[in-house]
Amino acid sequence: MEKYLETALSAARAAAQVALAYYRGEFDVEIKEDQTPVTVADKKAEEAIRSTLLGAFPEHGFYGEESGKAQEDADYLWLVDPIDGTKSFVGGYGMWSTQIALMHKGELVLGVSSAPATREMAWAAKGMGAQLDGEAVTVSSKSDLVQASVSTGNLQTMARSPQWDCLGRIFAQVNRTRGYGDYYHYHRLAAGQLDAVIESDVNILDIAALVVIVREAGGVFTDLAGNPPGLDTTSVLAATPGLHGQLLQILNP
């Protein structure tokens, strides 16, 4: 696992160099079929990551936000979003990151979450714990909703569903609500500075690395129905062990 982690960290650093060279500069923005933006920085950063990872492990599969899937049936599959938060990148504010994860036979086992603009780097590997900027991190011990801090991200699907009222019941009980979004609230959760994250509209490339980081920090990470994350996951309930079950029950009465 250490050699995979070392290579993933190298790939994240290579992507940071590419992305920062374009950040707050002039570049064209294209709109993809799903109405999300993509830039030359996204494409070149993914090329740098792909070259680093597959140069070291040519037998591995690769699933990239911009290039799609290759060798998807390989035992080891890299999941990559070169710039998660492209809207933030285009807007010139730092809530964007590079997400690199490794899946082994369907299980997420390694994650690197690099935020070059804010100079944060989080990583974790199965059985090795989680680190944020070189320091070991763990989730908080909160188990009382009245004391909890909860952050939400994209919620469009939930807003159109009966779960919206359930979310309101959570907000009515907790100590503090925030909407940090993207990588940032997962880093805070892993570091014990936030107690739960709820999102209803994500894809696996957005969160794969963060799954490993939160879990290795001692947290629980599922979708909103309580299922473990997989390639088709589109929602998130991530929290401390003491809060996850309570939140899951409120969201699924």
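**A closer look at the salt bridges**

Reply: Let's start with Arg 188, which counts as buried at 10% relative accessibility. "Buried" means under 20% relative accessible area, "exposed" means over 50%, and "partly exposed" is in between (1.4 Å probe, protein chains only). Before going on, keep in mind that this is a predicted model: local features need pLDDT of at least 70, side-chain atom pairs count only at pLDDT 80 or more, and totals for chains, interfaces and linings use all residues. Residues are numbered from 1 along each chain as its sequence is written, and side-chain values use heavy atoms, with hydrogens and water left out.

What does Arg 188 pair with? The partner is Glu 120, and the two form a salt bridge whose closest N and O atoms are 3.2 Å apart. Arg 188 sits in helix 6 (residues 182-190) and Glu 120 in strand 8, so the bridge ties together parts that are 68 residues apart in sequence. Glu 120 is buried as well, with a relative accessible area of 12%.

Time for two terms. A salt bridge here is a side-chain nitrogen of Lys or Arg within 4 Å of a carboxyl oxygen of Asp or Glu. Helices (H or I, at least four residues) and strands (E, at least two) are DSSP runs, numbered from the N terminus. As a general point, side chains of opposite charge can pair when their charged atoms come close.

How many salt bridges does the structure hold? There are three. Another one joins Lys 126 to Glu 107, with 2.9 Å between the closest N and O atoms. This pair also links distant parts of the chain: Lys 126 belongs to the loop between strand 8 (120-125) and strand 9 (130-132), Glu 107 to strand 7 (residues 107-115), and the two are 19 residues apart. Lys 126 is partly exposed, at 47% relative accessible area, and Glu 107 is partly exposed too, at 36%.

Then there's Asp 195 with Lys 142, whose side chains meet in a salt bridge of 3.5 Å, N to O. Asp 195 lies in the loop between helix 6 and strand 13 (196-199), while Lys 142 lies in the loop between strand 10 (135-137) and strand 11 (149-152), 53 residues apart.

Ala 101 is buried, at 0% relative accessibility. Leaving out residues up to four places away in sequence, Ala 101 touches several others, including Leu 77, Trp 78, Leu 108 and Ala 208. Ile 207 is 106 residues from Ala 101 in sequence, yet their C-alpha atoms are 8.8 Å apart.

Key: Contact means heavy atoms within 4.5 Å.
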